[in-house]
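Dear colleague,

I am handing over the structure below, and my notes on it follow. Please read them alongside the coordinates.

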Amino acid sequence: MTTAPEGQAASASAGGEVLRVEHISKRYGAVTALTDINMHLIHGEVLGLIGDNGAGKSTLLKILCGFQPPTTGHIFLEGEEITLKSVDQARSLGIDAVYQDLALVNQLSVYHNMFLNREKVRWPLLNNRSMRAEAAKRLDDMGIQIPSVRAEVAQLSGGQRQAIAVARSVYSNAKILLLDEPLAAMGVKEGAIILDLVRQLKQNTNVSIIIIAHNYGQVLEVCDRVNLIQGGKITLDKASSETSAQELTDLVVAEYRRALEERQRSA
Amino acid sequence: MSDTAERAADVFGPPPGGRAAGGNGLLRTLRHGTGAFLRQREATVFVVALALFLYFTIDNSNFLTHANMSTLLSGDASPWIILAIGEVLLLICGEIDLSVGFTFTMAPFLMYFLITYDGFPAILAIIVSLIFGLFVGFVNGFLTVTLRLPSFIATLGTSFVLYGVVLTTSHGEPVDVPASAEHIGKFFGNETASAWGWSAIIWAVVLVAIFHMVLTDTRWGLHTVAVGGNQLGARESGISVARIKYGNFMITGLLGALVGLQVAFYDNTIDPSAGGYTYMFYAIAAAVLGGTAMLGGAGTIIGGFLGALLLAIFTDGFAIIGISANPLFIIFGLGILAAMIANVQLGRLREAGRT
């Protein structure tokens with residue numbers, strides 16, 4: 001396990017650990033998706049979890065958001081060991097995942113989406129006025145620009161939708177946000193909305209963020225630290241300032257070469 | 001999302017296209033208002049219904065009379081309107097109920113049996129019949145949500161079961177409304193007692209108002225849309241999808257039973273051939289004409305109401321201008337298709353017009 005002492009020292013000054021993962025493994029029958037994952041997340045930090053398709057990113061995400069349990073290993077939230085039984089339970093503990101498309105109801109307005117299942121009610125009716133005002137203020141504070149909170153989500157761009165999904169999670173008092181491929185299928189302009197939002201969150205809130213991505217160039221810009229995941233293990237843990245897209249690319253390319261050589265040997 | 005004035009008030013950035021482009025204030029408001037109206041899903045069916053209404057009114061002096069309006073609204077439109085309310089809710093949350101027409105058929109027979117053979121007081125028999133409607137909805141919910149059958153098949157099954165029960169218990173013969181129930185029956189609707197001739201349509205309008213509020217302004221309505229629009233997303237945010245679907249099946253069953261009783265009182269007879277698939281399909285046609293999406297996530301109660309009115313104006317109007325019953329169906333079918341084509345094409349224009 002490679003560690004970067006400087007990186008750790010730098011981020012440790014920002015606050016204590018909010019999440020620690022020790023010796024997590026996950027097997028599906030004969031297939032081992034994760035062999036031995038050790039990682040940690042510092043309070044208020046943005047961690048980039050980077051890896052190629054099939055490296056185990058999604059499996060780790062599913063474990064961290066409570067969707068499925070690990071085969072072995074321990075998870076600590078703010079120093080206390082926890083067992084994640086369901087997505088709901090993870091969310092109630094403050095761990096929330098934001099997916100690309102699953103989150104929003106296209107037919108509903110922005111503010112109804114933001115308050116979905118947490119609506120403000122003046123019984124028996126919805127208190128739309130109050131929800132609108134609060135959603136507008138919340139989005140304004142985060143610097144998210146949309147035409148109107150009354151707009152149907154279907155009318156918004158991919159970046160705006162993602163931003164609203166993130167805003168909703170932050171709004172529900174998430175301590176740890178897991179962003180799953182937030183920049184996938186997004187143009188530069190759209191991606192900038194999300195990167196900007198992440199910066200805003202870092203400055204103005206206490207939320208700690210893990211960005212899961214296989215496209216590292218842009219992600220490096222907003223991350224404090226990067227973990228590279230390869231073959232079910234974390235093979236690199238460095239502060240963003242001490243690594244580069246080039247280094248990450250080289251590591252992944254080296255892995256490809258090894259895989260290729262192995263294939264040729266066995267052929 | 002109708003009043004654009006308030007929308008402009010909570011602007012984040014200026015609305016796309018900018019506001020400087022419109023002419024003077026009044027003109028802009030007018031243009032804005034018309035645009036907002038045409039953007040509503042119900043606009044097409046409203047315009048078509050109004051045009052037909054005016055056409056029949058001008059064409060035939062017997063159309064806009066007290067007697068004919070009472071028949072059109074209470075006799076034809078009201079049952080379709082009330083059944084459409086349930087179907088709209090179900091279609092929005094991604095389900096359908098084909099059995100509601102037979103809940104309709106069964107409910108008044110149940111009331112009849114309870115009064116005639118079990119000596120129930122009329123009011124109690126009516127209440128039990130309404131609860132029976134809830135029960136049918138519960139069974140449909142159980143088959144669809146818990147046992148995961150597609151609602152199309154599940155409710156087709158319950159349809160036949162109910163129809164079989166009606167035919168078996170009634171021996172396929174109509175019966176009279178029990179005398180003890182006639183008094184209460186007036187409140188539900190009665191064709192012959194002219195003062196009560198309007199009660200069915202009043203029921204329908206009140207129910208439309210209530211369920212319009214439920215759909216647009218309560219958590220239940222919001223969650224119904226969410227479940228139909230993005231079931232996974234709704235579940236993700238902790239909404240109980242099962243509860244919403246069970247609930248809407250039960251509302252539909254209850255309304256089906258209510259309409260069955262109403263029509264029995266209105267016609268003063270309980271008929272095993274009343275209700276059935278015909279009423280169910282009119283209700284679904286009304287919902288879809290009114291802009292409710294067959295695939296869920298979108299629709300309005302007002303739309304269903306207007307759709308049912310359109311069907312009633314159509315049926316009644318063509319009969320009154322002397323088109324005989326058989327070719328009427330040809331016109332009727334083509335009319336539904338024409339209205340629906342207008343709906344879909346205008347919907348496409350609406351989508352394209354969005355910025």
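Predicted model: local features only at pLDDT ≥ 70, side-chain atom pairs only at ≥ 80, totals over all residues.

Which residue follows helix 8 of chain B, and what is its phi? That residue is B:Gly189, and its phi is positive, near 145 degrees. Residues are numbered from 1 along each chain as its sequence is written, while chains are lettered from A and ligands numbered from 1 in the order in which they are written.

Helices (H or I, at least four residues) and strands (E, at least two) are DSSP runs, numbered from the N terminus. In helix 8 (residues 179–188) of chain B, B:Ala181, B:Gly185 and B:Phe188 are buried, meaning that 20 or more other C-beta atoms lie within 10 Å of a residue's own, whereas 12 or fewer make it exposed and counts in between partly exposed, with C-beta atoms placed from the backbone. Seen down the helix axis, these buried residues fall within an arc of 50 degrees, so they line one face of helix 8 of chain B; the arc is that of the directions from the axis to the C-beta atoms. The face turned away from them carries the exposed residues B:Ala179 and B:His183.

In chain A, both faces of strand 6 (residues 95–98) are covered, with A:Ile95 and A:Ala97 buried on one side and A:Asp96 and A:Val98 on the other.

Chain A averages a pLDDT of 86, and 93% of its residues score at least 70.

Best regards

Technical notes: pLDDT = per-residue confidence, 0-100.
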